[in-house]
Amino acid sequence: MENSHFSSSSMERVNFRTKVISKHLNQENPTFNYSLLQSFPCLSYNPPEFSEPFSVFDIKEMRKLLDGYNLQERDWLFGLMLQSNLFNTKVRGGKVFVQPDYNQSKEQQREITMRRIGYLMQNGVFERWLTGKGPEDELRKFDFVDVVGIFDHSLKIKLGVHFFLWGGAIKFFGTQRHHDKWLRDTENYVVKGCFAMTELGHGSNVRGIETVTTYDSSTGEFVINTPCESAQKYWIGGAANHATHTVVFSQLHIDGKNQGVHAFITQIRDENGNICPNIRIADCGHKIGLNGVDNGRIWFDNVRVPRENLLNSVADVSPDGKYLTAIKDPDQRFAAFMAPLTSGRVTIAVSATYSAKIGLATALRYSLTRRAFSVTPNGPEVLILDYPSHQRRLLPLLAKTYAMSFASNYLKKIYVKRTPEMNKVIHVISSAFKATASWHNMRTLQECREACGGQGLKTENRVGQLKGEFDVQSTFEGDNNVLMQQVSKALLGEYVTAKRSKKPFKGLGLEHMNNSCPVVPSQLTSSAMRQSQFQNDIFCLRERDLLERFAAEVSLCQSQGKSKEYAFTLNYQLAEDLGRAFSDRAVLHTFLEAEATVTSGPLKDILGLVRSMYVLVTLEEDVAFLRYGYLSTDNAAAVRKEVANLCSELRPHALSLVSSFGIPDAFLGPIAFNWVEANVWSSEQN
């Protein structure tokens, strides 16, 4: 029977080829007859929902835990974007998708971004974004920015520059007169703001910027100048095309003395869009992503602004030219001017996490429907997520993304409920989480792109494009490496203070330093590795030891006559390890806090698996655990084996875990769904 079947099948193929060649040679039908394909079975798409195990936990409850706040408002905004063709609706495989058209020129992308902002404003999206008073209004603003960023990073950044940077500067640095004059008009886009801090010659080192402002007491005006080419303001989002006003960060010279960096409101365009006198603006040009944002360069040539345009909550200048400030310490005064960047770091950490979710939702859904190769002779092809190697590529990143979700929710919560006493803590945590989340996002997108094969290269499938769109997050609002060094310096400051005062550690989660040093078991078992106590202990052990090593090395350098700053520079490797140790431990604590809000049951069980994956893959990947002896080589091998075990245990829950992200289908790419139907010939003809 087997030979007979083989012979029949072979004959069918011979007949088919004979017909095709005959028609070609005789030119009976020069147009290929695509109906001939129907006699052979093609691969068919089977939705993963039909074949994957039924979710053992409540997906809606998991989404509440992940998104944290304003779920109904988020879904309303998703729906609002789906209702308008401004958001580039397209049908693929019988489903509607929305995503920016990256085939447009940068000029077209910039213009459509502004039109989308107009649509959102008309529908009340920005109400109380700057004039609201309580944490609820601020959380709503953050959550709406999350949703907008899921659609388009350019749109999110354009809003971020206007509301968080320009608007935040007015709010934080300004006083009541500035609030009354500017905030409502900013909220309604009567004023379009940008934020002129970065220069060609200075980015992370804001203190070194070269723009100079002097005061003319005869006219009661400040005079702003760009003294050299390296002082031109650079990468200023909104400046190239749309902004009417900017906050200029400049060195303030009073009576020949430099009082340091201050901020000034300056008009750069009139109501008709014409560039104001004594101001020159140029385009930064095409970028690897974010071309919907009009980044520009600005030069100031004796630009005069009224004395009232100094944002004066930190310092002021009297009409007769006297410098006035309640903060006498220049370092503390400068630190106060960095406040708006904190909100930017919060939004970056969150949006990076949502970007990773888009990549993972797409790649995992695709891996649950795409088959490749077989493991038995003439056997069926295997789902690619059923390969252990594919699980190992994606599921640890999924666990880390869950961890970053809890971390970013925690960051938003402490930010909107901040008090002046919390500023330092928020600065340190936002710096650590911004760097960690944006690095994680880029790594995740790259792995997801590769996991989607050639389909990952298509812009419409989003994953590959997102890499270019989000790459800049590692740089703006503070270079990640610089931010991590700031974290380590802050930790060292806490350490030195505690030791000198002989008082317990308090704050930044360092209370564990007051306890005896944790002891890691000499032989790790599967059960021990999954215990939250062990996981917390080994993360705390790493942070504690690295902080003590860092302090000792810096102290040694200082005893040899080196400055504190130079000692930091020499010990950059320990500083990097310490920054990561702090961030990982802080992220774990936010995970444990979120987990503690869940009662026993399937949701609690799956969170335990995800947390264990997050911790163990961190132990496996960070060589610091081996370098400094926190793990023996035998225990490191045990950890690696346990990661593989966790992959197989999380595999049945993969679909449920990405479905819990709550991202509507339309905001993913076509390969997350019926990728066969999305690529049929008829779709090309339409």
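**Entry 1: D255**

I began with D255, which counts as exposed because its relative accessibility is 73%, over the 50% cut-off. I note at once that the model I am reading is a predicted one. I then located D255 in the loop between β7 (245-254) and β8 (257-267). I looked up its backbone angle as well: D255 has a positive phi of about 55°, although it is not a glycine.

**Entry 2: N70**

I turned to another residue with an angle of this kind. N70 is not a glycine, yet it has a positive phi of about 55°. I found N70 in the loop between α3 (59-67) and α4 (71-82). Is N70 buried, partly exposed or exposed? I read a relative accessible area of 22% for N70, so it is partly exposed; the cut-off for buried is under 20%.

I next examined strand β1 (residues 89-92) and strand β2 (residues 95-98), which run antiparallel and are joined by four bridges. Which residue of β2 is the bridge partner of V91? I found that V96 is the partner. The hairpin has two residues between the strands, and G93 takes a positive phi near 60° there.

**Entry 3: helix α13**

I looked up how far helix α13 (residues 463-470) is covered. Six of its eight residues are buried, and the helix is thus mostly covered. I listed the buried residues of α13 as V463, Q465, L466, G468, E469 and F470.

**Entry 4: G629**

Where does G629 lie? I placed G629 in the loop between α20 (624-627) and α21 (633-650). G629 is exposed because its relative accessible area is 53%, which is over 50%. I also checked G629 against R542: the two are 87 residues apart in sequence, and their C-alpha atoms are 9.4 Å apart in space.

**Entry 5: S683**

I went on to S683, which I found in helix α23 (residues 681-685). With a relative accessible area of 30%, S683 is partly exposed. I compared its position with that of R611, 72 residues away in sequence. From C-alpha to C-alpha, S683 and R611 are 43 Å apart in space.

**Entry 6: the protein as a whole**

I counted 23 helices and 15 strands in the protein. Its C-alpha atoms fill a box of roughly 105 × 70 × 45 Å, taken along the principal axes. How does the radius of gyration stand beside that of a compact globule? For 686 residues, a compact globule would have a radius near 26 Å, and the protein has 29 Å, which agrees.

I noted that 55% of the 686 residues count as buried. The accessible surface comes to about 30600 Å², and 51% of this belongs to carbon and sulfur atoms. Among contacts with a separation of 6 or more, residues 24 or more positions apart account for 74%. Finally, I looked up the charges: there are 77 positive and 72 negative ones, and their mean positions are 1 Å apart.

Terms used. Residues are numbered from 1 along each chain as its sequence is written. This is a predicted model: local features need pLDDT of at least 70, side-chain atom pairs count only at pLDDT 80 or more; totals for chains, interfaces and linings use all residues. Side-chain values use heavy atoms; hydrogens and water are left out. The radius of gyration is taken over C-alpha atoms; the globule rule is 2.2 Å times the number of residues to the power 0.38. Buried means under 20% relative accessible area, exposed over 50%, partly exposed in between (1.4 Å probe, protein chains only). Contact means heavy atoms within 4.5 Å. Accessible areas come from the Shrake-Rupley method with a 1.4 Å probe; for residues, only the protein chains shown count as cover. Lys and Arg count as positive and Asp and Glu as negative; His and the chain ends are not counted. The place of a charge is taken as NZ of Lys, CZ of Arg, CG of Asp or CD of Glu. Two strands pair if DSSP finds at least two bridges between them.
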